[in-house]
Amino acid sequence: MTGSSVSTTDLNSVRKVLSVNAPQSIAWRVFTENLGSWWPLHVYKIGKSPAVDAFVEPRVGGRWYERGEDGSDCQWGSVLTWEPPSRLVLSWDIDANWQYDPDLKTEIEIRFISESSDVTRVELEHRKLDRYGARREEMRRIFDTEGDWGRLLAMFAARAEGTAAN
Amino acid sequence: MLLAERTLDALGDPTRRLIFKRLKDGNKSVEEIARGLSVSRPAVSQHLKVLKTAGLAVVRVEGTRRIYAVDTRGLTALRGWLDGFWDKTLMAFKDAAEKEAARERERR
């Protein structure tokens with residue numbers, strides 16, 4: 001992940017790296033045990049009812065899912081690798097229409113790397129995006145950000161220019 | 001998504017951008033907002049209505065006056081639309097993990 005990740009753009013994956021001012025054990029715990037406390041459930045959820053919490057079941061084969069305010073659960077995928085406090089692989093089985101499809105199986109690998117007693121580097125890779133088939137690029141743009149920025153600025157420029165010309 | 005797109009549309013107009021900028025300095029009446037602008041007061045009211053629909057302006061009634069101020073919802077929606085899925089999610093995670101680490105340090 002270090003170094004050349006930018007030059008070799010893998011169209012089937014999105015990679016993110018961030019530095020978190022927290023010990024590895026806490027980073028792991030917050031990610032896995034307190035998922036519902038930070039996941040942007042108001043934006044990223046799939047159930048019909050508003051989501052109020054989210055969970056990762058702490059074992060290989062466990063589910064990760066959101067809980068709606070009506071008590072219903074909506075699964076996002078499964079735990080593929082469970083190696084506390086350093087490595088977690090989850091499947092993301094939400095299709096391009098934001099519906100659960102247990103056969104989709106894109107993968108999210110999250111590594112928690114201890115840089116010091118108070119700093120953890122978190123590396124995330126969302127891969128196997130080719131499983132979105134024809135909609136891979138669209139989904140890659142959603143998971144990544146640059147595409148959206150570029151599109152927004154282009155849209156904004158076009159609108160602003162159109163308005164100025166009137 | 002809809003709110004973010006309405007927000008973009010609303011800010012695509014130069015007069016509305018100017019009006020929105022004026023709202024940033026605090027609560028203003030239509031008269032105050034229109035001062036010095038080359039558009040009529042009804043036109044300013046119309047622009048304010050669009051800003052309101054786009055989640056960029058809020059209005060409250062004080063006696064006979066309508067007072068306008070910035071509404072942050074439109075900007076928040078725009079921000080959410082801009083950030084990619086993982087950028088937004090990981091930033092939220094970083095924030096939560098760092099808060100938890102700070103709480104833990106206090107406990108020690």
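Modeller: Chain B holds an open sheet of three strands, ordered β1-β3-β2, with antiparallel pairing. Strands here are DSSP E runs of at least two residues, helices are H or I runs of at least four, and both are numbered from the N terminus. Two strands pair if DSSP finds at least two bridges between them.

This is a predicted model: local features need pLDDT of at least 70, side-chain atom pairs count only at pLDDT 80 or more, and totals for chains, interfaces and linings use all residues. Residues are numbered from 1 along each chain as its sequence is written, while chains are lettered from A and ligands numbered from 1 in the order in which they are written.

Six bridges link β2(B) to β3(B) (residues 65–70) in the antiparallel sense. One bridge sets B:Glu62 against B:Arg65 of β3(B). Helix α2(B) (residues 14–23) lies across β1, β2 and β3 of chain B. The helix α2(B) runs at about 90° to β3(B). That angle is taken between N-to-C directions, from 0 to 180 degrees, with axes as lines fitted to C-alpha atoms, for helices over the stretch in contact. Contact means C-beta atoms, placed from the backbone, within 7 Å.

Further along chain B comes helix α6(B) (residues 85–107). Its buried residues include B:Phe85, B:Trp86, B:Leu90 and B:Phe93. Buried means 20 or more other C-beta atoms, placed from the backbone, within 10 Å of the residue's own.

Technical notes
Two residues are in contact if their C-beta atoms, placed from the backbone, lie within 7 Å. The expected span of a helix is 1.5 Å times one less than its number of residues. A residue is buried if 20 or more other C-beta atoms lie within 10 Å of its own, exposed if 12 or fewer, and partly exposed in between; C-beta atoms are placed from the backbone.
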